[in-house]
Every structure is written in structure tokens, then in C-alpha cells.
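Keep the viewer open as you read.

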Amino acid sequence: MCAPETPFAYRRPEEAPDHGKDGPADSVRSAKDEAGRKRKLEYPPAPEPLRIPVMDNHTHLNFRDGLVEVSVKDALDAAEAVGVKAAVQVACDLESARFTVRALDEDRRLLGALAIHPNDAPLYAARGELEDALQEIEDLAAHPRVRGIGETGLDYFRTQGEEEQAIQHYSFRRHIDIARRLGLTLQIHDRDAHDDVVRILLEEEQPERVVFHCFSGDEELAAICNEHGWYMSFAGPVGFKANGHLREALRTARRDLIMVETDSPFLTPHPYRGRPNASYMIPYTMRSMAESLATDLDELCADVARNTEAAYGSWD
């Protein structure tokens, strides 16, 4: 049962809202972490609100987690109450892309980004469906509130072997081309693949705006992003004790290229690592970032909000 301090009221299963075709997709986050340990499934308490509102530029509202079913409206209401005024809903496959387009019509606090995730690209290819999937992503991206193509990129942690990585490379290049032709922001997923992500970006004709979602590099990659004007979006791990390299990257990053995200329901910030995450948790990460930068929180929030609108346009 949810603790009363959480922003989401507990409902017995028979009381949970029926969202029908406009409700969350059937993706459910595992109740265990990557080491196989059981996770605590209660949502954490709401943080102290930010005085200057920001946006969560990467969330997955189609993923269910925890002991409560949270609707799009529930999630955005809870976020808005603590100074997170809007979000970018991100799709990783066709099911979540269709969900995203429906959600954009449901709540104007959302913008969208659509793609086939690099780990999913080989699965679509194995079924002979990758080309059709990429075409549907491009077709759905015609929605006026879709502002990004992503998350796309490379992931050498989960997808290994030359053949599958070659499919990732092909899919990444196709997404870059779609983003450029449609004038949309490119959202990068980069896990254990920094060199190849940068190489492919520089080999292709890039879109005007590129965002490294959940920035995972060091100060060297941050310097490359500075050089090319690529945005760097930081999530909960920037505050984890072991991640000094992320804080060094944050301090290296140009202030006009810094953004914030949850990647919810994943990557819950300290001190609630492993528990369900949602956009209302952004203030924990913002305070951690301000501390690492030894800067005023309100000033950093204003910069992050300005950068996010520069990357995705207005939510109005």
C-alpha cells in the first residue's frame, strides 16, 4: 500500500481507473533490479517544490511501475505541484509511439518523441518489420506536438555481437535522417557506445538539435558536445555517489546545453534509488545538480527551462 506521503493516492485494483484505449500501454517495469533483487515498489515522497518551474524532457508514461496505476493526468498533476510544469513523453517502439500520440491529444502539458529503441531494432529486423516500423514512426511524427525523434542511438550493454550492432547502426542512421528531414530534435540513447555514437553523428547530416538523453559520458564527451552544440540531459544517476564522472561532465557542460530528465519510471534519484520514478521527482535531481555546480538553484532552473524550450519548442 502506498505511504500517505506519496503524491498518488492508493486504489484497490477494482477502484483503479479504466483508461481504455487511451490508457497506459501494457509495458510493466520489473519488480526486481538488474541484480535480481526485489525492489521497494512504493512511490517516494514528493520533494519540496521548485520555485522556478522546469520540464522533464524524457519520461515513459506508458510504463507501469509500483503499487498504483498512475494515469497521464495523475503523473502530470503531481509533477506540476512541485514545479515540473511539463514533460516530453518518449516512445521506444510502435506500441508506445501510438500511445504517445494519443497522450499528446489528452494533455497539453506533454510533447512527444518517437523512435524504435536501439535494443528493439534487431528484434524488428529479425521479424522483417524494421522498414515498416521506421515508416510508421515517420508517419506518426507528423503530429504537431511530436517534437523529437528518439530515443535512438546505440546500446552495446544489452545488444552485443557484430550483426545486431550493425542493425543498430543502420536504424540510428535512419532515425537521424528522419529527424533532419522533419526538422525535429534527435534524442540519443548512448550506452557503452560513446565513440560510435559520436562517429555516426558526425558522418551523417545532422538535425539542427541533438540531445544526449540520460547523459552517461565523462568530461571528454561533454567537451565534444560543447563543441557541436549538442544538449546534455542529466537524470538521477548524476547524484549517485559512485558517479563522479557525471558530475565532472556536468561541470564541463556549457550552461546553455544542460537539461534535466527522469527517464521515469527508471533511474530514480538519490535517496530513493530503485523505487518507482515519475516526473515529480525532478526537484531531487535539480538540487543535486545545483549543488554539484555550486550555483543558485533558481538560476539553474531558469537556464534549464530556457534550454528545454530551445530544444523542443513551446508547449503552448
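Accessible areas here come from the Shrake-Rupley method with a 1.4 Å probe. On that basis the chain shows an accessible surface of about 13,600 Å², and carbon and sulfur atoms own 47% of that. Bear in mind that this is a predicted model, so every value below is computed from predicted atoms.

Start with the overall build. The chain has ten helices and eight strands. Its radius of gyration is 18 Å, close to the 20 Å that the globule rule gives for 316 residues, so the chain is as compact as a globular protein of that length. If you want a box around the C-alpha atoms, think roughly 50 × 45 × 40 Å along the principal axes.

What about the inside? Of the 316 residues, 56% are buried, with under 20% relative accessible area as the cut-off for that word.

E151 belongs to strand β4, which covers residues 146-155. Another cis bond joins S264 to P265, and there omega is about 15 degrees. P265 is found in a loop, the one between β8 (258-260) and α9 (282-293).

Look for D192 in the loop between β5 (185-191) and α6 (194-203). Is D192 buried or exposed? D192 counts as exposed because its relative accessibility is 51%, and the cut-off for exposed is over 50%. A294 also has a positive phi without being a glycine, near 50 degrees. A294 sits in the loop between α9 and α10 (297-312), and at 74% relative accessible area A294 is exposed as well.

Finally, the aromatic rings. Counting rings whose centres lie within 6.5 Å, you get seven aromatic pairs. Take F8 and Y280: their ring centres are 5.6 Å apart and their planes meet at 85 degrees, so this pair is edge-to-face. The two partners come from distant parts of the chain, 272 residues apart, with F8 in the segment before β1 (54-59) and Y280 in the loop between β8 and α9. Both F8 and Y280 are buried.

F215 and F234 make another pair. Here the ring centres are 5.5 Å apart and the planes are at 45 degrees, so the pair is tilted. F215 lies in the loop between β6 (210-212) and α7 (219-228), while F234 is in strand β7 (residues 231-234), so the pair ties together parts that are 19 residues apart in sequence. F215 and F234 are both buried. Which residues do ring pairs link into a cluster? Select F212, F215, W230 and F234 in your viewer, and you have that cluster on screen.

Conventions:
Residues numbered from 1 in each chain as written. Predicted model: local features only at pLDDT ≥ 70, side-chain atom pairs only at ≥ 80, totals over all residues. Heavy atoms only, no water. Helix = DSSP H or I, 4+ residues; strand = E, 2+ residues; numbered from the N terminus. Rg over C-alpha atoms; globule rule 2.2 N^0.38 Å. Buried < 20%, exposed > 50% of the residue type's maximum accessible area, 1.4 Å probe, protein only. Phe/Tyr/Trp six-rings, centres within 6.5 Å; stacked < 30°, edge-to-face > 60°.
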